[in-house]
Each structure stands twice: as C-alpha cells, then as structure tokens.
Amino acid sequence: MENTLFPISMEMHMGVALAALLVFGLQFIRLRKYYYLVLAVAMPCSLLAYVFDNTTFFYALGIAEAAALLLAFVLSKTVD
C-alpha cells in the first residue's frame with residue numbers, strides 16, 4: 001500500500017488543483033474580485049506537499065492554505 005497525504009491519488013489531486021486554477025483564474029478575469037485571485041493561487045499550492053518531504057513544511061503549508069482561505073472569505077465579504 002502506498003503512503004499518501006491525501007485521500008485521492010496524486011494525478012486526481014493535480015487535475016482538481018489545475019481545474020481550480022483555471023476556474024478561479026477565469027472568474028477573476030471576468031469579475032475582478034480579488035478573492036478569486038487568492039483562490040486561484042492557493043488551491044494549486046497544495047501540490048507543494050508532494051515536492052517537499054518535510055513535516056514542518058507540510059504543517060506550514062496547511063497553515064498557509066488555511067490563511068489563504070480565510071483571506072478569501074474576508075475579501076469576499078468586504079472588498080467589492
């Protein structure tokens with residue numbers, strides 16, 4: 001059995017992350033809402049967990065992802 005970080009395969013994770021980049025990137029271009037830009041960058045950054053094999057980096061990445069999602073939420077409620 002393969003040791004994995006996520007409940008889906010790496011190929012599926014890459015597909016979902018790239019689809020999120022495309023969708024949120026297009027939404028940012030179309031609507032000019034900054035939270036779409038934050039999401040377009042944050043979602044593919046989760047793929048960095050496959051690059052670095054370091055527990056500290058993994059937790060730092062999780063905190064950064066949570067902060068990006070919180071920032072996107074705040075921007076969606078405050079900035080037009």
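Two residues count as being in contact when their heavy atoms lie within 4.5 Å. The model described here is a predicted one, where local features need pLDDT of at least 70, side-chain atom pairs count only at pLDDT 80 or more, and totals for chains, interfaces and linings use all residues. Residues are numbered from 1 along each chain as its sequence is written, and side-chain values use heavy atoms, with hydrogens and water left out.

Now for the overall picture. The chain has three helices and zero strands, and from the N terminus on the order of elements is α-α-α. Helices (H or I, at least four residues) and strands (E, at least two) are DSSP runs, numbered from the N terminus. Along its principal axes, the C-alpha trace spans about 45 × 25 × 15 Å. The accessible surface comes to about 5,900 Å², and 71% of that belongs to carbon and sulfur atoms; such areas come from the Shrake-Rupley method with a 1.4 Å probe, and for residues only the protein chains shown count as cover. Of the 80 residues, 25% are buried, where buried means under 20% relative accessible area, exposed means over 50%, and partly exposed is in between (1.4 Å probe, protein chains only). Among contacts with a separation of 6 or more, 56% are between residues 24 or more positions apart.

Next, the middle helix. The 12 residues of α2 should span 16 Å at 1.5 Å a residue, and the end C-alpha atoms are 17 Å apart, so the two values agree; the expected span is 1.5 Å times one less than the number of residues. Buried in α2 are Y36, V38, L39, A40, A42 and P44, and the buried residues of this helix pack against α1 and α3.

What makes up the largest nonpolar core? It consists of six residues, namely V38, L39, A42, A68, A72 and L75. The elements giving two or more residues to this core are α2 (34–45) and α3 (55–78). A nonpolar core here is a set of buried Ala, Val, Leu, Ile, Met, Phe, Trp, Tyr and Cys residues joined through side-chain atoms within 4.5 Å. In soluble globular proteins, nonpolar side chains tend to be buried together. A72, in helix α3, counts as buried because its relative accessible area is 4%. Setting aside neighbours within four places in sequence, A72 is in contact with Y35, V38 and L39. A72 and Y34 are 38 residues apart in sequence, yet 7.7 Å apart in space, C-alpha to C-alpha.

V79 lies in the segment after α3 and is partly exposed, at 35% relative accessible area.

L5, in the segment before α1 (10–31), is partly exposed because its relative accessible area is 43%. Not counting residues up to four places away in sequence, L5 touches A49 and F58. R32, in the loop between α1 and α2, has a positive phi of about 55 degrees although it is not a glycine.
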